[in-house]
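Subject: Structure handover

Hi,

Here is the structure you will be working with. Please open it first, then read my notes below.

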Amino acid sequence: MALMRTMLLAASQNVWLRERAIKYPFVKRSVSRFMPGETLEDALAAAQSLRQLGVGSVFTHLGENVADRHAASQVTEHYLQVLDRIHQSELGAGLSVKLTQLGLDLSPDFCAENLEQIISRENKESTVWVDMEASNYVDVTLDIYKRALKRHPNLGICLQSYLYRTKKDLADLLPLRPTIRLVKGAYKEPADVAFPKKADVDANYFALAQELLRAKAAGQCPRAAFGTHDTALIGRLASLVRKESYASSDFEVQMLYGIQRAEQERLAREGHRSVVLVAYGTYWYPWFVRRLAERPANLWFMLRNVFAS
Ligand SMILES: Cc1cc2nc3c(=O)[nH]c(=O)nc-3n(C[C@H](O)[C@H](O)[C@H](O)COP(=O)(O)OP(=O)(O)OC[C@H]3O[C@@H](n4cnc5c(N)ncnc54)[C@H](O)[C@@H]3O)c2cc1C
């Protein structure tokens with residue numbers, strides 16, 4: 001399994017494979033399990049359906065490592081229009097953005113300006129989340145986040161439990177009253193920066209989640225979200241929430257579109273905050289292959305699609 005994950009994560013960065021894979025109809029059919037479609041309209045329609053079930057949405061326009069300023073500015077402009085559409089529709093949805101899509105590789109200041117434009121357009125009661133990418137981006141991402149958080153308390157950041165450093169990053173962030181989404185981590189990382197064993201990643205997740213819940217109860221963290229599909233882990237956290245008498249609505253779980261749908265609805269029915277990250281756009285290859293790496297059984301699902309009509 002670990003070898004398969006490593007191979008798939010390497011494949012997610014391979015340009016040769018990307019150029020070919022995206023042309024195959026069976027690959028496109030497989031992608032549709034994880035995203036409602038390539039357009040913003042598809043994402044908005046999915047969010048409307050989720051809302052009927054009491055499940056909230058966060059939109060992300062797929063793309064990363066943008067290589068020129070014009071493209072990064074176009075992405076920024078797109079997100080500004082998305083926010084206008086969300087506000088008109090009264091969906092109450094949020095956004096999740098990747099800093100490398102906003103020009104981080106070109107210039108951190110330029111990227112920070114793009115992020116500033118987006119968060120300035122957002123309503124104060126909704127969150128714009130900053131995704132966490134590969135470990136070489138963590139320092140600069142946290143730096144941009146901390147600077148923007150001073151002006152925008154509704155800016156959220158993602159932290160990854162597979163990194164050794166995250167415990168300290170969380171401790172450094174808490175005095176700033178951050179909004180945090182905790183995930184396990186989706187990139188290929190070396191053993192000197194990330195726990196190689198999944199059991200250690202999971203244990204660190206639970207330890208960090210406990211700290212986050214405590215910080216939220218103490219008013220140090222306005223919004224704490226657990227980005228995971230791990231139902232055993234969610235169960236342990238829900239028990240903790242009950243034991244410590246935190247409000248059910250204070251327990252927020254975020255999942256990806258199309259994964260653990262029944263669990264998303266169950267959490268909403270039980271009064272928890274259940275939110276789905278709805279991805280759309282045409283640049284889905286690396287994102288999709290990271291989803292395969294998270295659960296190599298998805299490969300069989302994709303291969304079955306080779307024979308589907
Ligand atoms: C809302 C959200 C935002 C995220 N943002 C980031 C980010 O900014 N940076 C980052 O590095 N990572 C991000 N991730 C991805 C995350 O790091 C993990 O790679 C991913 O969530 C899988 O880990 P898991 O916690 O679900 O647990 P796992 O232990 O990997 O999975 C638990 C169970 O969930 C199910 N499952 C998990 N993944 C899949 C899948 N792809 N297909 C089908 N079933 C699956 C399986 O049943 C599996 O047994 C995000 C995830 C979510 C949900």
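Start with Arg181: one of its polar side-chain atoms lies 3.5 Å from a nitrogen atom of the ligand. A polar contact here is a pair of N or O atoms within 3.5 Å; within protein, one must be able to donate a hydrogen and the other to accept it, and residues adjacent in sequence count only if both atoms are side-chain atoms. For Lys198, a side-chain N or O atom is 2.7 Å from an oxygen atom of the ligand. His229 has a polar side-chain atom 2.8 Å from a ligand oxygen atom. Alone, the ligand exposes 920 Å², and the protein buries 88% of that (Shrake-Rupley method, 1.4 Å probe).

This is a predicted model: local features need pLDDT of at least 70, side-chain atom pairs count only at pLDDT 80 or more, and totals for chains, interfaces and linings use all residues. Residues are numbered from 1 along each chain as its sequence is written, and side-chain values use heavy atoms, with hydrogens and water left out.

Now the shell around the ligand. There are 26 residues around it, and Lys184, Gly185, Lys198, Thr228 and Glu294 come nearest (near means a heavy atom within 4 Å). The shell divides into 10 nonpolar, eight polar and eight charged residues. Here Ala, Val, Leu, Ile, Met, Phe, Trp, Tyr, Cys and Pro count as nonpolar, Asp, Glu, Lys and Arg as charged, and the others, Gly among them, as polar. β4 (155-160), β5 (179-183), β7 (252-256) and α12 (285-294) each supply at least two shell residues. The largest share, three residues, comes from β7. Helices (H or I, at least four residues) and strands (E, at least two) are DSSP runs, numbered from the N terminus.

Next, the aromatic rings. The whole structure holds five aromatic pairs (Phe, Tyr or Trp rings, the six-membered one for Trp, with centres within 6.5 Å; planes under 30 degrees apart are stacked, over 60 edge-to-face, the rest tilted). One of them is Phe34 with Phe288, tilted, at 6.1 Å centre to centre and 50 degrees between the planes. Phe34 lies in the loop between α3 (25-31) and α4 (40-52) and Phe288 in helix α12, so the pair ties together parts 254 residues apart in sequence.

Best wishes
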